[in-house]
Amino acid sequence: MLDVREIRQDFPILKQKIHGKPLVYFDNAATSQKPQVVIDTISEYYQVYNANIHRGIHYLAEQATEAYENARQKVADFINADKSEIIFTRNATEAINLVALSWGRDNIKPGDTIVLTELEHHANIIPWLMLSKEIGCQINYVRIDEEGKLDLVHLNELLKKNPKLLALTHVSNVMGTITPLPRIVQLAQEKGVPVLVDTAQAVSHLGFNVQKIKVDFLAFTGHKMLGPTGIGVLWAKKEILENMRPLLGGGEMINEVSWDEYTLNKIPWRFEAGTPNIAGVVGLGRAVDYLNDVGLYTIREYEKELTDYAMQMLLEVEGISILGPKLAEERGALAAFTLDGIHPHDLATVLDAEGVAIRSGHHCAMPLHQKLGIPASARASFCFYNTKDEVSVMIKGIRKAIGILGK
Ligand code: PMP
């Protein structure tokens, strides 16, 4: 059982008031808050052992290198991967771009197809659109149904065209849909199609085990999983990374250099040119420890109950329609919705005055909003430090907004 009162003590930001009201932070899908231990870990690096990694043999350099590589091990263990397969990037966006610009350029040819889904965040659309414009490949999107679930019959049809890649989200940041990855990966593997999964919205809520769900590439981002901004992860199978070209050249990624030639370092360092975000990596490692201490099973059970409760409460408000699957079981810890006659930005403004932070807009999923025929939606997204009482505060705020802005 999760003791939410105790958990909340770990997150200093939650203690503050916004516009004189206790902060209710429901924008966790945009970025999560950070526990004190993560903040302390970052500050300890700068205060106690700040040094560049891998190159120095002095005490601090060794300490910094050890902390950096230990954090890589923690991230690897978190998704049940090998340490050499963990590449640190700036964020999930950069991780996906790295695949598109390196692996994609070498493996996708003019006339080839790539399969994405209608659920994707811009981060998993634009890199492929850019590639398609560069090399002349085609993109197909797996359709979703009314509830925001993927049409697996359509997916199968698209897989029959022998695409070079299937790239899809684990949890939609708008519909909340959890995509049925075991089944999807099986279908793709039957056709020999590599799979990239964007687990930015899922890895800290549902976990990911790359030995169980045998995808080829996995992208996620530190700041949505209690870690700092500016640090993300690309995981890929060793055989793929061994044959993938680095995107950036410079220090760290080489073995031998002459005026005319260079040899590449081993993976993963081959893909980490220049001084990396050392503080970000050690902070992410500590965030992973924190998630493990609370326990992913406990997190999922708590967030599922909270999401279910929030959905029930939202649906009691006249004029609210929730996007995505009806069952909390089938969705991540978020609920995006529309409210008849009130623009999401106006709703978010009224809620902000009540201390409640929700997101309004297209949530970096413009094509999906076009498909749904709505310009924008409001989104409340949760973390295990949120409470049912906070949901009640939001609902009260929504009713207030209806009183002020409604017809
Ligand atoms: N994918 C999904 C599903 C997301 O929700 C987000 C962030 N909103 C991203 C990718 C991109 O994450 P980042 O901006 O950290 O690269």
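## Tour: cavities, cysteines, salt bridges

The largest cavity holds about 50 Å³ of space. A cavity here is a set of points on a 1 Å grid over the protein atoms alone where a 1.4 Å probe fits but cannot get out. Its volume is the space filled by probe spheres set on the points, which are joined across faces, edges and corners. This is a predicted model: local features need pLDDT of at least 70, side-chain atom pairs count only at pLDDT 80 or more, and totals for chains, interfaces and linings use all residues. Residues are numbered from 1 along each chain as its sequence is written, and side-chain values use heavy atoms, leaving out hydrogens and water.

**Stop 1: the largest cavity.** Select N28, A29, V171, Q201, H205, G332, A333, L334, S381 and F382; they form its lining. Lining residues have an atom within 4 Å of a point. Domain 1 (4–30 + 295–405) and domain 2 (39–292) each supply at least three of the lining residues. The domain bounds come from an automatic or database domain assignment.

**Stop 2: the second largest cavity.** Now select S32, S204, H205, K224, L226, L291, E303, C383 and F384. They line a volume of about 40 Å³. This cavity lies between domain 1 and domain 2, because both give residues to its lining.

**Stop 3: cysteines.** Select C364. Its sulfur is 20 Å from the closest cysteine sulfur, in C383, too far for a bond. The whole structure has zero disulfides (pairs of cysteine sulfur atoms within 2.5 Å). C364 is partly exposed, at 26% relative accessibility. C137 is buried, at 9%. Buried means under 20% relative accessible area, exposed over 50%, and partly exposed in between, with a 1.4 Å probe and protein chains only.

**Stop 4: salt bridges.** The count is 22, each a side-chain nitrogen of Lys or Arg within 4 Å of a carboxyl oxygen of Asp or Glu.

- Select E354 and K400: their salt bridge is 2.7 Å, N to O. E354 sits in the loop between α11 (344–353) and β15 (356–357) and K400 in helix α13 (residues 388–405), so the pair ties together parts 46 residues apart in sequence. E354 is buried at 16%; K400 is partly exposed at 42%.
- Select K149 and E330: N to O is 3.1 Å. This pair links distant parts of the chain, 181 residues apart.
- Select R72 and E69: the closest N and O atoms are 2.8 Å apart. Both residues are buried.

How values were computed:
On a 1 Å grid over the protein atoms alone, a cavity is a set of points where a 1.4 Å probe fits but cannot get out, and a pocket is an open set with protein on both sides within 12 Å along at least five of seven lines; lining residues have an atom within 4 Å of a point. Helices (H or I, at least four residues) and strands (E, at least two) are DSSP runs, numbered from the N terminus.
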